[in-house]
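Here is a short report on two places in a protein chain. Keep the structure open as you read.

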Amino acid sequence: MALLAIAAGAVTITTSRYRPILPPLSSPSSFTATLTLLLFRTTHRPQSHRYYYRRRPITTMAAASSPPDQKKITAPYGSWPSPITSDVVSGAAKGLGGSAVDSHGRLFWLESRPTESGRSVLVRGGSDAKEEAIDVTPKEFSVRTVAQEYGGGAFSIYGDDVVFSNYKDQRLYKQSLNSKDSPVPLTPNYDGPVVSYADGVYDASLNRYITVREDRRESSLNSITSIVSIELGDNAIQEPKVLVSGNDFYAFPRLDPKGKRLAWIEWSHPNMPWDKSELWVGYISDTGDLYKRVCVAGADPTIVESPTEPKWSDEGELFFVTDRKTGFWNLHKWVESDNTVASLYSLEAEFAKPLWVFGMNSYEMIKEHKNLIACSYRQKGRSYLGVLDKEKGTLSVLQTPFTDLMNITSGVHCLYVEGASGVHPQSIAKVTLDDKASKVADFQIVWSSSPTSSEYKSYFSTPEFIEFPTEVPGFCQAFKADAEYFTFYETGGPTAEARGILNLNIQFWTSRGWAFVDVNYGGSTGYGRAFRERLLKRWGIVDVDDCCSCAQFLVDSGKADGERLCITGGSAGGYTTLAALAFKKTFKAGASLYGVADLKLLKEETHKFESRYMDNLVGGEKEFFERSPINFVDQFSCPIILFQGLEDKVVPPDQARKIYQALKAKGLPVALVEYEGEQHGFRKAENIKFTLEQQMVFFARLVGHFKVADDIVPVKIDNFD
């Protein structure tokens, strides 16, 4: 969720590439409860309460004074001109849906493109820096699954072929990577996208594809999930064969090297996979069926844990990540002989992420060193790339420019790492290690979500951590630039974590003189189970208090004007935005992107994966009523703008329409923007652009009372225009 602010008064600027720099905030010596903030920090030169932007050579960090011939312009905070336009932001919003290496060592990645209405394309990287990447996916296809609504794990490469899920019909297709032959379907046509597949693996011993299937033919709200196999021997389309079924959810089907054992993760309502899950292993018969099953982790009622990401080594050892005993997701190994679990290394850090999407890959075996595992872990708001020696039980940290890591893919004598930092947007880097795999010998970025972002480097603000007291014990992270009008952004989730990476969406605000704070409230992952469970039964309380505590701290420390605080967020962040405006008086305006207004309605209409999530987050019927902003419209007192996709199945459109009508009837300034053909969180470029512009204009008009530098026609605001 975001807290936005525009500074009061005016600033003297030039049409230059200098940026103000905020002096570091001193951390309090001790708090019984703290929040952690990420601050966008910029150079700061006070003179009669004015900040100066000065032109400088690109290669230098500062200049003694402005050039004498440079014209200075006085403008209010929030209205500064910036080359980081909404077109730049929407055009640089490519997403990454995973990466893989084929049998020839070639890198492939899945790239989502807002400029192509969100189409996802499998791309093959060049063999060297001179060879350009090429699209593998034909234009009439889009590689994306909607299994569990959020998808992930939409493709799998084996040999010279790829199996992928096609977005339009949700069928699986097989395609050659070396020819221009059209993809051929592998699964039946059910007269609509009612059956989805995700997270598949190839079974070489029986020439079949094993994958998770979500079947919505009987009910879209109570789908049936199972693990199935699909024959690859000929082009005859057959009904998939069910291998594992009976539980509510499945993920990570993983075969051992000989094709004799299948590992998987499963869990049941009312748990989410990060609450409580189980790791199972099934033994495979010659006919491909499972004749014996063993629960490796998660069945012991005395141990609360959520195992995830099982992976077999080439030697047939099973590794996985779980949070037993310590409350942190650490690497473990299954001892098959007596069905016990051994810890490989214990650290108060998270070696995995919550299973919102399929196909995550937080660690990899290093093929050239059988005893070494390359892994990523997150600790106190920062990611690290490490090498774990599974025999010695030691962990070595590798130095890379990335401070935020996602998936790791093992290549030929290298690793491909998905990551970012405060100066790097989401990227894939080829990381070559030395002979002992103890140091990084070479680091080369081979793909970037925003390859032209460096053009605007001199306008960027960079993140910094601070701590401050909160009403409810916990941590918070945020991004901030110096100004008095703030936008507070609440990260979606509710388990999502604010991450200190280069995000042009944020830079759009900060380069115009807005301050930006990205809040990690209780429930965010990255800090262990205890922190994650702060939100249980207290959603709408802890998150709201954390955002308001953050805002109040900035006001008390003189960094923000309490009359110019705005808040915005998407999905769960949209709910916290509405709840903060209904139950607190901290903020002066808000923007909700596909946010929740009615918790009871959400529970009744949302998809199966999250249908019981609210029970754990909220409580009983009384709490559902008391924490739903729609039931307390009389307590709203400030302007609100709402954005909603009409094909959203996670937060149905009725949520936005219901709160809009109620606020309009109350007489508050309110606007509703609906998007045709847009699903939950999957944005088209034109909609990203429009949403960003209209939020800024809305806040500027109703809170700042100034005109932004950009030429933007505002949407009509009811009870205002």
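## Helix 9: length

Helix 9 covers residues 654–666, 13 residues in total. At 1.5 Å a residue it should span 18 Å, and its end C-alpha atoms are 18 Å apart, so the two values agree. The expected span is 1.5 Å times one less than the number of residues. Helices (H or I, at least four residues) and strands (E, at least two) are DSSP runs, numbered from the N terminus.

This is a predicted model: local features need pLDDT of at least 70, side-chain atom pairs count only at pLDDT 80 or more, and totals for chains, interfaces and linings use all residues. Residues are numbered from 1 along each chain as its sequence is written, and side-chain values use heavy atoms, leaving out hydrogens and water.

## Helix 9: its buried face

Gln655, Ala656, Ile659, Tyr660 and Leu663 are buried. Buried means under 20% relative accessible area (1.4 Å probe, protein chains only).

Just after the helix, glycine 667 takes a positive phi of about 100 degrees.

## Serine 383

Serine 383 sits in strand 27 (residues 382–389). Is serine 383 buried or exposed? Serine 383 is buried, with a relative accessible area of 2%.

Its side chain makes a polar contact with the side chain of arginine 378, at 2.8 Å. A polar contact is a pair of N or O atoms within 3.5 Å; within protein, one must be able to donate a hydrogen and the other to accept it, and residues adjacent in sequence count only if both atoms are side-chain atoms. The backbone nitrogen of leucine 405 lies 3.1 Å from a polar atom of the serine 383 side chain.

Conventions
Buried means under 20% relative accessible area, exposed over 50%, partly exposed in between (1.4 Å probe, protein chains only).
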